[in-house]
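Subject: Structure for you to look at

Hello,

Here is the structure I promised you. Please open it first, then read my notes beside it.

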Amino acid sequence: MTRKPIMAGNWKMNLDHVEATGMVQKLAWTLADKEFDGSTVDCVVVPPFTDLRTVQTLIDGERMPITLAAQDVSEHDSGAYTGEVSAAMLAKLRVKYVVVGHSERRQFHAETDEVVNTKAAKVLAAGMTPIICVGEGLDIRKEGRHVEYTLNQVRGTLAGLTAEQVASLVIAYEPVWAIGTGEVATPEDAQEVCGAIRKEVADLYDDATAEALRIQYGGSVKSGNVAQIMNKPDVDGALVGGASLQPEEFAAIVLYQKLPV
Ligand SMILES: O=C(CO)COP(=O)(O)O
């Protein structure tokens, strides 16, 4: 089965809604220049909440081949949760993907697998697709427990989801030690864990579900290393931080050329 590659640019807490306009326009121009129409790769931008309306209006108004995503969502439906944004609010803004369980949320906001699992379920219930982030820190990697640790996060964050739901979603493997450090996991490191995740999903569900699931690698991905990483059989895309803030660079990642295997 062929899975459609998905390249997502996570802007994190960068670019206000005015800056976002320039960023998305430059990205769209660069993609249009190369006649990119979104049919071969999903190009996703993940702006801060305050930019979502502006970016959505641009994308829809200009029919850009770019899909909108959010960086987080509330685990609650509505009500007295000051500062939270619900899945229904995001769906109404035509957000298609929602990142849940990013390592920065886990680290700075103490999000557990249980919370991430609840958020993923809310995203699915609202008709959107979660991008569930997993991945180990440096200490775990040094102890050689990275596969076991990451698979435990996979089991925890997928708990209670149906095979159909899991087949539709995206898991992003982001080793924390490779985020924003310039330290890229080797393509073999990425494949080791992404392959193990797919096998775990086959064991938890079935082969068809595992084959359909898309798995991204994230951590210091750039235009210069994306093709090597994408050449690995179980890597279906990238979750890009720093490099997604430069429109030409992110466009080059989206337009990466497949290397001969
Ligand atoms: O955390 C990331 C994407 O969500 C990766 O960030 P960098 O690409 O800046 O390493």
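Where does His 102 lie? His 102 sits in the loop between β4 (97-100) and α4 (103-108). Helices (H or I, at least four residues) and strands (E, at least two) are DSSP runs, numbered from the N terminus.

Two points before you go on. This is a predicted model, in which local features need pLDDT of at least 70, side-chain atom pairs count only at pLDDT 80 or more, and totals for chains, interfaces and linings use all residues. Residues are numbered from 1 along each chain as its sequence is written.

**The active site**

The UniProt record (unreviewed entry) places the feature "active site" at His 102 and Glu 174. The two are spread over 73 residues of sequence, yet they cluster in space, with a largest C-alpha distance of 8.4 Å. UniProt positions are given in the numbering used here, feature names are shortened, and annotations may be inferred rather than shown by experiment.

Glu 174 lies in the loop between β6 (170-173) and α9 (187-204). Is Glu 174 buried or exposed? Glu 174 is buried, because 26 other C-beta atoms lie within 10 Å. The cut-offs are these: buried means 20 or more other C-beta atoms within 10 Å of a residue's own, exposed means 12 or fewer, and partly exposed is in between; C-beta atoms are placed from the backbone. His 102 is buried too, with 27 other C-beta atoms within 10 Å.

Look at the contacts of Glu 174 next. Leaving aside neighbours within four places in sequence, Glu 174 is in contact with residues including Ser 103, Cys 133, Gly 218 and Leu 239. In contact means that the C-beta atoms of two residues, placed from the backbone, lie within 7 Å.

**The binding site and the ligand**

The "binding site" annotation in UniProt (unreviewed entry) covers Asn 10, Trp 11, Lys 12, Gly 180, Ser 220, Gly 241 and Gly 242. These are spread over 233 residues of sequence but cluster in space, and the largest C-alpha distance is 13.9 Å.

Now turn to the ligand. There are 14 residues around the ligand, and Asn 10, Gly 180, Ser 220, Gly 241 and Gly 242 come nearest. A residue counts as near if its C-beta atom, placed from the backbone, lies within 6 Å of the molecule. The shell divides into 5 nonpolar, 8 polar and 1 charged. Here Ala, Val, Leu, Ile, Met, Phe, Trp, Tyr, Cys and Pro count as nonpolar, Asp, Glu, Lys and Arg as charged, and the others, Gly among them, as polar.

Lys 12 lies in the loop between β1 (6-10) and α1 (17-33). Lys 12 is partly exposed, with 17 other C-beta atoms within 10 Å. Gly 242 is in the loop between β8 (237-240) and α12 (247-254). Gly 242 counts as partly exposed because it has 18 C-beta neighbours inside 10 Å.

**The core**

The largest nonpolar core has 78 residues. Such a core is a set of buried Ala, Val, Leu, Ile, Met, Phe, Trp, Tyr and Cys residues joined through C-beta atoms within 7 Å. Which residues have the most contacts inside it? They are Ala 69, Val 98 and Ile 171. The largest share of this core, 6 residues, comes from α1. Not counting residues up to four places away in sequence, Ile 171 touches Ile 132, Val 134, Val 154, Ile 197, Leu 213 and Ile 215.

**Helix α5**

Helix α5 (residues 113-125) has 13 residues. From first C-alpha to last, α5 reaches 18 Å, close to the 18 Å expected. The expected span is 1.5 Å times one less than the number of residues. Buried residues of α5 include Val 116, Ala 120 and Leu 124. Among the elements that cover the buried residues of α5 are β4 and α7 (146-158).

Most residues other than glycine have a negative phi. Leu 15 has a positive phi, near 70°. Leu 15 is in the loop between β1 and α1, and is buried, with 21 other C-beta atoms within 10 Å. Glu 35 also has a positive phi, near 55°. Glu 35 is found in the loop between α1 and β2 (42-46). Glu 35 is exposed, because 7 other C-beta atoms lie within 10 Å.

Best wishes
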